[in-house]
Amino acid sequence: ALILPAALPFRPDTTWGANTIWVSESAYNLVRVVREGTQLVLILNDENSVATRHEDSAGWTNGYFDDFSLGPLLVPVRRALVLGMGAGESIASMRTTAPDIEIDAVEIDPDVVEAAVRFFGVQRDDEKLRIHIADARPWIARDTGLYDIIQVDLYQGGPYIPFYLNTTEFFQTVRDRMADSGLLMMNVVDAGSGFELLESTIATLRRVFPTVAVFSRRTGNHILLAFARQRSIDSIRTALAAVEGDDLAGKHARLVASAIAELTPRPEATVFTDDHAPIESITRRMLASVSSGLPSQ
């Protein structure tokens, strides 16, 4: 069928400013790397979908990626699984507190992996990092490994979590791949006033995990920590408060110790399942409630 250009809802710009240093289009995303001062920025699809901000000095981002450094401070670690590698910032963060950890990282978009290698410090010959280009859920369903930490940061080039990656069935598969003392860490973007998506995700996680804690940022990013074993919020706070040192990771741990909390979802919060996961409609309501648009991730 012939569609007139005026009828198209979106026509991507084919010319980019001088600050755009790399562009590629995959089956999943329009991938751009942009330089903004001392930062490299990974943008997926449109200007509002900033996936990564990376300082040339590397290591610390002053964003939600830094929160993944907390995991090795809370559970013993040897192996980790990263679902949604992106440009690899959460890996760099986790290595600030567990430099010798072995990591399997899953990323669906090969062009995002290419950007991570070219511009964001990810090394293909890293002996402790195995990168798998695949969809997270079928990959983990086939996997036979066992992990101490599993990171979940899965978005489809914007603010929407693919529905099948936020259900009780998915989280049960994740739990099956975790050590008995393991920890799941998940980034949820919910900048709405009612926190409907956040509460529903917590309600869903609590069907599988005995303890779920949350650390929230003003950007609308919430890091959920779901423990395979029962864990009191006081023990989590104590472990983080006891971290010593004046490095950025130590200071951040002590800051989070006073802010991390348990959140009890309202009784009407939706529990997401494979046959009932209205995540897109909840996300649209969240976006509509944010008058100035979604904060950058």
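**Asp104 and beyond**

Author: Let's start with Asp104, whose side chain makes a polar contact with the side chain of Arg130 at 2.9 Å. A second polar contact, at 3.1 Å, joins the Asp104 side chain to that of Arg79. By polar contact I mean a pair of N or O atoms within 3.5 Å; within protein, one has to be able to donate a hydrogen and the other to accept it, and residues adjacent in sequence count only if both atoms are side-chain atoms.

Some ground rules before going on. This is a predicted model, so to speak: local features need pLDDT of at least 70, side-chain atom pairs count only at pLDDT 80 or more, and totals for chains, interfaces and linings use all residues. Numbering runs from 1 along each chain as its sequence is written, and side-chain values use heavy atoms, with hydrogens and water left out.

Back to Asp104, which is part of strand β6 (residues 102-107). Strands (E, at least two residues) and helices (H or I, at least four) are DSSP runs, numbered from the N terminus. With a relative accessible area of 4%, Asp104 is buried; that word means under 20%, while exposed is over 50% and partly exposed falls in between (1.4 Å probe, protein chains only). Skip its neighbours within four places in sequence, and Asp104 is in contact (heavy atoms within 4.5 Å) with Arg79, Ala80, Leu81, Val82, Arg130, His132, Trp139 and Tyr147.

β6 also turns up at the largest pocket, where β3, β4 and β6 each supply at least two lining residues. β4 gives the most, with three. The pocket holds about 580 Å³ of space and has 33 lining residues, with Glu107, Leu154, Tyr155, Gln156 and Gly157 lying nearest its centre. On a 1 Å grid over the protein atoms alone, a pocket is an open set of points where a 1.4 Å probe fits, with protein on both sides within 12 Å along at least five of seven lines; lining residues have an atom within 4 Å of a point. Points are joined across faces, edges and corners, and the volume is the space filled by probe spheres set on them.

Asn45 is partly exposed, at 28% relative accessibility. Asn62, in the loop between β4 and α1 (71-74), also has a positive phi, near 60 degrees, but Asn62 is exposed, at 66%. As background, most residues other than glycine have a negative phi.

Now for the greasy side. The largest nonpolar core has 45 residues, and Leu42, Ile103, Leu225, Ile236, Leu240 and Ile260 touch the most other members. Helix α3 (residues 110-119) is its top contributor, with four residues. Such a core is a set of buried Ala, Val, Leu, Ile, Met, Phe, Trp, Tyr and Cys residues joined through side-chain atoms within 4.5 Å. Another core, of 37 residues, lies apart from it; Ala134, Val208, Phe209 and Val212 are among its members.
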